[in-house]
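Here is a report on the disulfides and the chain contact of one model. Please look over the sequence and structure first.

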Amino acid sequence: MPHFKKALAVAALTLTVCSTALLAADDKGGGGPEVTRRLSQEQYRQVISDVFGPTIKVGGRFEPDIRRDGLLAMGAAQVSVTASGLEEYDKIARNVAAQVVSEAHRDTLIPCTPANAKQPDDACATKFLSETGRMLYRRPLTQEELTGRVKVANDAAVGLKDFYSGLGIALATMLESPKFLFREEIAEPDPDHSGQYRMDAYSKASQLSFFLWNAAPDPELLAAAEKGDLNTQSGLAKQVDRMIASPRLEGGVRAFFTDMLGFDEFQTLAKDAMIFPKFNTKVAKDAQEQTLRTITNTLLTEKGDYRDIFTTRKTFLTPVLASVYEVPLVAPAGNWAPYEFPEGDPRAGIVSEVAFVALHSHPGRSSPTLRGKAVREVLLCQKVPTPPANVNFTLVQDTKNPQYKTARARLHAHATDATCAGCHKIMDPIGLGLEAFDSGGSLRSSENGEKIDTSGELDGMKFTDAAGLAKAVHDDPAAPACVVTRAASYGLGRLPTKDETDWIKSLQASFKEGGYRFPALLRQIAISPDFYRVSPPQMGAIDAPSKLASEAPKTKESQK
Amino acid sequence: MIPINRAVNRRRVLRGMLGGAAVTVGLPFLDCFLDTNGTALADGKELPVVFGTWFWGLGLNPGRWEPAKPGKLEAMNVELQPLAAHTSKMNVFSGMKAFLDGKPNGVHFSGVQGMLTGTVPRGMTADKPSVDTLIADVIGTRTRFRSIEVCCAGNPSHSQSRRSGAVVNPGEVSPAALYTRIFGPEFTDPNAADFKPDPAVLVRRSALTAVADDRQSFMKTLGAADKARLDEYFTSLRELEQQLDLQAQKPAPLAACTVPGKVGETPIGTEIEIVKTNHKLFAGLLAHALACGQTQVVNVAFSDATSSLRKAGGTQTHHEYSHEEPVDAQLGYQPTLAWFFGEIMTQLAFYVSSLESIKEGDKTLLDRCAIMTATDLGYAKLHGLENMPMLTFGSANGRLKTGVHVAAQGEPTSRLGLTMQQVMGVPVSSWGTDSMQTSKTITEIVA
């Protein structure tokens, strides 16, 4: 059938082209363009928790993030703040600030006491705002910034006849400033490479900290930036090693995989309660946590091979999840317990876990197409073409059609149309391997009374069930190559440029040589000069750095 | 053709200098005719115009919604039957399409972008502002909210209102949250007997100046693209400042303004009964918000473009039915799909009735509205972009004729967006790109 072959050829070509295009972004010579990223909701919460402690609650609706080229981390460099979004940031900021200056917290969070709580106090406001501002802006405030915010605090204290209320107002204006909400990269000439530019030390600190911990730089990292340590390879490596050895690395790894696996879509995932009565918000929450635990256990606790996340039978369950999996579990109610699926069980690795199969399904039924597409796009970084226009879908009949009882039969009928076959051929044979799991993630052996056939194929690697698919993904060289590109893009906030192709290839080679150890990959990226190199700024974009408050002559008040 | 940035004032309009036969903006149509409070025309008789969009996914079934003949709108075709009570206050547009110009069809995306932004992007990333934001920049600058968006199917990203490619105005998904946002503690009742500005509001307004002052130092190191993006932030900041300014002033009384009863939490999701419940609550809140002068631009997304609506207990979504349900040999259409369309049009009728139910003198709130519907496809079964259904409701204070069926022959859907802008006072005579570019006002509906 010539049409059929042509469609296949087009689909194959598209896949190849899209895979290559991952590295074809801006090309301005030396590094990539500077990016300005909006803090994610999780990052905002983390910063507030780090600066003010976990007792300060962050409530409110955040502006939705958008996904670009597979990651929210890259969408963060595309978004702004809408009017309704700023309304919410304003409310959140005022609420956080009110808690910080409240009687319950002021003694621990404000490092000084005003001479008169009913009046402005320049010195105390300066001390609090300079110290807090340094953590929020991820660099010392300029003298102008500090003076401006102290004036806000003083004016508001006069208007409200209360020092703490005034201080809260000033803090709120910092929390809704673009200098807090957006991570800006500042470029400076690279003294070691004439004609090239790199991030300045504070931008480096942020790049590193959000990459490894999904958090703003801690005081030690900021101090290293201030001293210039991050501009030396040994100083940088010292900080990277400290951060990788920290328990906070787990938070960073979880944030990366939450983004890569698209878990944000759980916020709006719908499952029909009549068809899947076991699937509820608790199951959805626990399912995400299960997959993240499987990953962090394999990569961090056991220091294992990245590819093993696709085949490991070790996982963690709660009683409610055990009910979905229909396995016995001894664990206190609501608590997590380790569980290992036995050899021969179709459950192996994250692709067969509830989070993956439920997320990539329709609300009322499974979808080999969506699941196959997700394996290609999410785990192998291959772009599947969008469905063409003017396609007749008549051949796919409803689920009650006695002629096509299973998804395999319905899709086979659909794929007799050559226009459809090309794309379905690269998705369905993968997803059919997961047909033993329904849309809610539970195991099943038949559909409409007919036994389910879970055989399939991934680029020539044939398998008979989900465990076989897991092995095929594990053995596919695209899987580790994909996570390298994703991790670099996640850290950079953009696709690598053509100039960075060699760097990405060297990262992939090192990852392979080192036995696919994920923390080693993160370290390799984080200590690379390429990770901090930026293309020459546009004319006029670089101004002389403003004088930082810490460099300004000290006033009598600020010396107290 | 006049340059877009050339100022339009009362004098220029009166002198008929908008230029070109395409300009059909009539004399009483521009915002510059409003008095300084924006609460009535200079002659004191009319309240300000309102613009809105109402979006649903998957179009309608071809042959089942188009009126039988062009001209006066009389009997409704079957899928528009739920709207029959509004025949005299609505218009129907058939035969318009989105032109791809060789660009790939971003399914469920290209069509709505063409309709609402006048541009079919090359890919799945939009790059132009939607018509409602262009209009809001003209008529929405003196209200507490420049615009309000709601998304009835639970996802704020279903909103079709965008200021630029990546800057989408997110929709409220919870009627309870929308109630608090509009009628919560920061609401100032325009009909309250006494008014005393809250000193805290004045302090907050003053403090925001410091954030505005961050602009210069923050922007100087940014590249051009980031500058444009951050400009959006500062535009939003100005809107926030304006909100506080308005809270510090006594609002003009609005006789039709009443504060609705508090709305409690409701379930959120894509199951159609849940969506309908939330839509009805949203409809009531938006009508009250308009009557109380809180905004002049409202955007409703009843569903997402790839309509995820579903019946409780059903294995398939509205979208899946569109592709997979066989055409009934006897009926000649997909019956379940048609059922969904019936539900959606009934909800649209409810929305219009909510606006109609608020009496403002001898008129209704609907009479000062121009509500434009939008959808993503003409024939969902084929992802078709031909003959995309479009409707308008309300006469925008007499600026629009109603009760008209405009039957076009393969012309761009952007014609309606252009006409809406002109009627709302946006100084534009040509809009859109490539084959979606048009300077052809739909003169049949301009009064």
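## Disulfides and interface

Counting bonded cysteines along the chain, the disulfides of chain A pair 1-2, 3-4. A disulfide here is a pair of cysteine sulfur atoms within 2.5 Å. This is a predicted model, in which local features need pLDDT of at least 70, side-chain atom pairs count only at pLDDT 80 or more, and totals for chains, interfaces and linings use all residues. Residues are numbered from 1 along each chain as its sequence is written, chains are lettered from A and ligands numbered from 1 in the order in which they are written, and side-chain values use heavy atoms, with hydrogens and water left out.

Over all chains the count is 3 disulfides.

| Disulfide | S to S distance |
|---|---|
| A:Cys112 and A:Cys124 | 2.1 Å |
| A:Cys381 and A:Cys482 | 2.0 Å |
| B:Cys257 and B:Cys292 | 2.0 Å |

The link of A:Cys112 and A:Cys124 is right-handed, with 95 degrees about the S-S bond. A:Cys112 sits in the loop between helix H5 (106-109) and helix H6 (122-137) of chain A, and A:Cys124 in helix H6 of chain A, so the pair ties together parts 12 residues apart in sequence. Helices are DSSP runs (H or I, at least four residues), and strands are too (E, at least two), numbered from the N terminus.

The link of A:Cys381 and A:Cys482 is also right-handed, at 70 degrees. A:Cys381 is buried at 6% relative accessible area, and A:Cys482 is buried at 2%. Buried means under 20% relative accessible area, exposed over 50%, partly exposed in between (1.4 Å probe, protein chains only).

In chain B, both B:Cys257 and B:Cys292 are buried. B:Cys151 is in no disulfide.

Now the interface. 60 residues of chain B are in contact (heavy atoms within 4.5 Å) with 66 residues of chain A. The area buried between the chains is about 5,400 Å², with 56% from carbon and sulfur atoms. Buried area is the accessible area (1.4 Å probe) that two parts lose on being put together, summed over both. B:Phe218, B:Arg229 and B:Tyr233 supply 12% of the area that chain B buries against chain A, more than any other three residues.

There are 8 salt bridges between chain B and chain A. Each is a side-chain nitrogen of Lys or Arg within 4 Å of a carboxyl oxygen of Asp or Glu. One joins B:Glu320 to A:Arg365, with the closest N and O atoms 3.0 Å apart.
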